[in-house]
Amino acid sequence: MAVKRNAKTKKWDCYFRYTDSTGKTIAKHKRGFDTQREAKEWEREYLLKNTSNLEMTFESFIEIYMEEYKVRHKLSSYQAVKYSLPKYEYFYKLKMCDIDTKTIRHWQNLLLKENYSAAYLISVQKTLSAIFNNAVKVYGLKENPLTKVDVVTNHNHAAEKEVWTVEEFNTFINSFEGKNMFYISLFYLLFYTGARVGEILALTFKDINFDENTININKTVTRIERNDIITPPKTLSSIRTVDVPENVMKLLKRYTDSYYKPDEDSRVYPVAREIVRRTMQSYIKKSSVKKIRIHDLRHSHVSLLINMGVNIFEISKRIGHADASITSRVYAHVYADSGKKIANLLGATILQPEYFFIDVTYLNNCSKLSLLSNPQHSKLL
C-alpha cells in the first residue's frame, strides 16, 4: 500500500491491493487527491466497504445497499428509496457500527421540526429501518437501532383520509356535462373499482372483458424521469380480476368504441398521471366539491363498501391487498365510525320480555328476602 505525491500534477495518488470476497487479489489505483490525508482516508474507506467491514461509513454502506436493491427490486421501488436518501445525510459520515438509538432519536427530532406529513415521516423511518435490517441480516450488524425507538409522527397531519360520498362523486362527474368519455369512464373506473390510478392507466384493451363485466389488473404505470414505464403491479396480490358494475362497463364500452380496431396491447388510457391529476383538480374546482387526491378515489371506494356492510376479506381481495389485516389497519377509522350502526343493528334483534317492564314502585316495596324466596321474582335479580 502506498500514498505518493504525483510530481507532475502535484496531487496525491494511492496504490494498493486487497483480496475480495471470492479470494481474488485486486489492484486499485486512485489519483487526484488534494492532500495526503484525503488519499489515505479514501483508501481506508474503500477497503472497509469492499470487505464488508461495518467500520465503514453509512454513506459507503448506502452505495452497497442501493447496488443490491436495484437488482432485486422494481425500478419504481428503487427510485422511491433513492428519493428518500437525502433525509439520511445526517448519518453519512458516521460509522455503521456507531449509529445507536441516541443517534436515531436525535435524527427523529430534526425531522419533527420540519413539519412533514405523518405519512412521509413514517415512510422515511420505515425505509431507514429496512436499510439497517439488511445490514443485520447480510453484513452482521449487531442490531437495528430503530427497533429500540418509537416511530415518530406528526399528529397535526394525522387527519383521516378524505373521501367522497356517492353524491359528491356524482356532483363531480356531472360537471363534465357528458362531453368527455375518456375522463368520465376513467374516473368511474377509479371510483367504482378501487383500483390504483397506475393500474387503471396501465390497462390494455385485452384486459377488458365486456362479456363478463370484468377488468384484469396485472401491471401498473410508473413515472420515472419523465417517462411512463410499465412495470409489474405493486405486489403479487395486486394481480387480480375485478368485477365492475354493469353501468360502468357500458360507459367504458362507449369510450372504447371510439377506437377503430385498436391493438389489444395498446393502453386504454395513454395519458400521464399528472395530466389526470390536473384534470381532476380542474373539475373539482368547477363542481365545488371537496378537494381530494386521485388516490382518495380508492379510499372512497373502500369506505363505500365498508358502509354497505361488505365483508373485509372481500374488500381486501378486490383492492389487491395481501391480506385483510392490511385493509383493516389502513381503514380502521372507517370501521370505528360504523360502531353506532352496528350497535343499532344488534339492538333491533333483541327481544323485550314482558317482565323487563315491571313497575319500579312494586320492586321498591319488595324486600330482597321476598325476591329471593319467590322464584317468580328471582328472575329479576
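Modeller: Leucine 141 sits in the loop that joins α5 (118–139) to α6 (166–174), where helices (H or I, at least four residues) and strands (E, at least two) are DSSP runs numbered from the N terminus. This is a predicted model, in which local features need pLDDT of at least 70, side-chain atom pairs count only at pLDDT 80 or more, and totals for chains, interfaces and linings use all residues. Residues are numbered from 1 along each chain as its sequence is written, and side-chain values use heavy atoms, with hydrogens and water left out.

Biologist: Why is leucine 141 called buried?

Modeller: Buried means under 20% relative accessible area, exposed over 50%, and partly exposed in between, with a 1.4 Å probe and protein chains only; leucine 141 has 10% relative accessibility, and therefore counts as buried.

Biologist: Which residues does leucine 141 touch, leaving out those up to four places away in sequence?

Modeller: With contact meaning heavy atoms within 4.5 Å, leucine 141 touches Leu54, Met96, Cys97, Phe132, Ala135 and Val136. Methionine 96 is 45 residues from leucine 141 in sequence, while their C-alpha atoms are 8.1 Å apart in space.

Biologist: What makes lysine 10 count as exposed?

Modeller: Lysine 10 has 52% relative accessibility, and so it counts as exposed. Lysine 10 lies in the loop between β1 (2–5) and β2 (12–19), and its phi, near 65°, is a positive value in a residue other than glycine.
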